Amino acid sequence: MSKVAIMGSGSWGTAFSLVLADAGSEVTLWGRREELAASINERHENSDYLPGVELPPTVSATTDPEKAMAGAEFVVLAVPSQTLRANLESWAPVIPDDAVLVSLMKGVELGTVKRMSEVITEVADIGPARIGVVSGPNLAKEIARREPAASVVACADDDVARRLQALCHSPAFRPYRSTDVVGCEVGGAYKNVVALCVGMAVGLGFGDNTTASLITRGLAETARLAMALGADPLTLMGLAGLGDLVATCSSPLSRNRTFGEKLGQGMSTAEITASTRQVAEGAKSCSSLVDLAEQTGVDAPIAEAVKAVVAGTITPADTMAAFLERRTKHEQE
Ligand SMILES: NC(=O)c1ccc[n+]([C@@H]2O[C@H](COP(=O)([O-])OP(=O)(O)OC[C@H]3O[C@@H](n4cnc5c(N)ncnc54)[C@H](O)[C@@H]3O)[C@@H](O)[C@H]2O)c1
Ligand SMILES: O=P(O)(O)OC[C@H](O)CO
């Protein structure tokens, strides 16, 4: 039985613990609050993030990072992207020497514009062969209900990707393998920003033509940036690109789409942020992705628009009008 630590016991860390336990691992969740760890250990429930979902007996929780990671073959990272660096700085001394670090996070760091795997390398001094990524259409509540889903597990080292694939292949969760870490990470971060934009359109009362147009142009924008960073374009046509984009942009369960919908209805970023405890990664990663696009010379109108609406410098309605006023061009330009 593999031993796995999951650092972060929010919605996805907890739902993923269930996948790993169903696939045969012993899982220790790390979280900051004693009450939550007690709820998981005593009632087998994360009452804050996944109320009503019974966790298997092979899932336990602790607030002690060293205890969580002791003897772990895989250390899964599931905190909000913008908090990874600070958390990892404190965890680095107790990460087991040969453990594989697996990112579940879908964001790009503000300021440094680093992807999560790059932050891991920089802070924990761990090379690409020990860093994996899981990314795909995986809304936590549906995964926790054991509804069938697929995803991509990526690592630069195909042997490690195979180990990770075996680790999370459960009766309800089908992981595909890849070595394209960049494509998976850019796909995962960008779809959140596109979902914010789609949510705005929904909040403004627009229908399926608008949302389909934004999803499709969002995919083109994602692929442009990912390819400029060295990704395989086929990754963006797969589960970590198109698949996740469709799920996130279509689902009322998505925090990013919901955030966008509230912006479209006239709420401000501060009001929306105050109304939820859960992370909508796109509200911050939109700025990082705009910076990354500028650095690589890639056109990123959707990320720029989302950044401006989140900052309150343009309204969602004016953004939609501005998209249509853009210079006309060839579809594949
Ligand atoms: N929820 C999903 O459906 C889903 C699916 C796939 C990927 N993801 C990605 O997984 C990552 C985590 O998302 P989530 O859904 O679990 O978020 P969440 O908001 O449900 O939970 C985040 C967790 O991190 C904790 N946290 C917040 N600030 C922290 C800090 N400074 N230090 C340590 N812990 C902190 C919170 O207490 C909570 O336990 C995100 O990057 C998200 O995009 C989420
Ligand atoms: O709820 P969201 O918007 O963070 O999206 C969750 C997952 O990333 C969907 O795959």
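Reader: Which residues does UniProt list under "binding site"?

Author: The unreviewed UniProt entry lists Ser11, Trp12, Arg32, Arg33, Tyr49, Lys106, Ala140, Arg255, Val279 and Glu281. UniProt positions follow the numbering used here, feature names are shortened, and annotations may be inferred rather than shown by experiment. These residues span 271 residues in sequence and their farthest two C-alpha atoms are 23.2 Å apart, so they do not all gather at one spot. A word on the basis: this is a predicted model, where local features need pLDDT of at least 70, side-chain atom pairs count only at pLDDT 80 or more, and totals for chains, interfaces and linings use all residues. Residues are numbered from 1 along each chain as its sequence is written, while chains are lettered from A and ligands numbered from 1 in the order in which they are written.

Reader: What makes Arg33 count as exposed or buried?

Author: A residue is buried if 20 or more other C-beta atoms (placed from the backbone) lie within 10 Å of its own, exposed if 12 or fewer, and partly exposed in between. Arg33 has 12 C-beta neighbours inside 10 Å, so Arg33 counts as exposed. Arg33 is found in the loop between strand 2 (26–30) and helix 2 (34–43); helices (H or I, at least four residues) and strands (E, at least two) are DSSP runs, numbered from the N terminus.

Reader: And why does Glu281 count as it does, buried or exposed?

Author: Glu281 has 25 C-beta neighbours inside 10 Å, so Glu281 counts as buried. Glu281 too sits in a loop, between helix 13 (269–274) and helix 14 (282–296). Leaving aside residues up to four places away in sequence, the contacts of Glu281 include Lys106, Asn192 and Asn256 (C-beta atoms, placed from the backbone, within 7 Å).

Reader: How do you know where ligand 2 lies relative to the domains?

Author: Domain 1 (3–179) and domain 2 (182–325) both give residues to the shell around ligand 2, so ligand 2 lies between them. The domain bounds come from an automatic or database domain assignment. Among the residues around ligand 2 are Lys106, Asn192, Asp244, Arg255 and Asn256, each with its C-beta atom, placed from the backbone, within 6 Å of the ligand.

Reader: Which helix gives the largest share of that shell?

Author: Helix 11 does, with 3 residues. Helix 11 (239–250) is also mostly covered, as 10 of its 12 residues are buried, including Asp244, Ala247 and Thr248.

Methods:
Contact = placed C-beta atoms within 7 Å.
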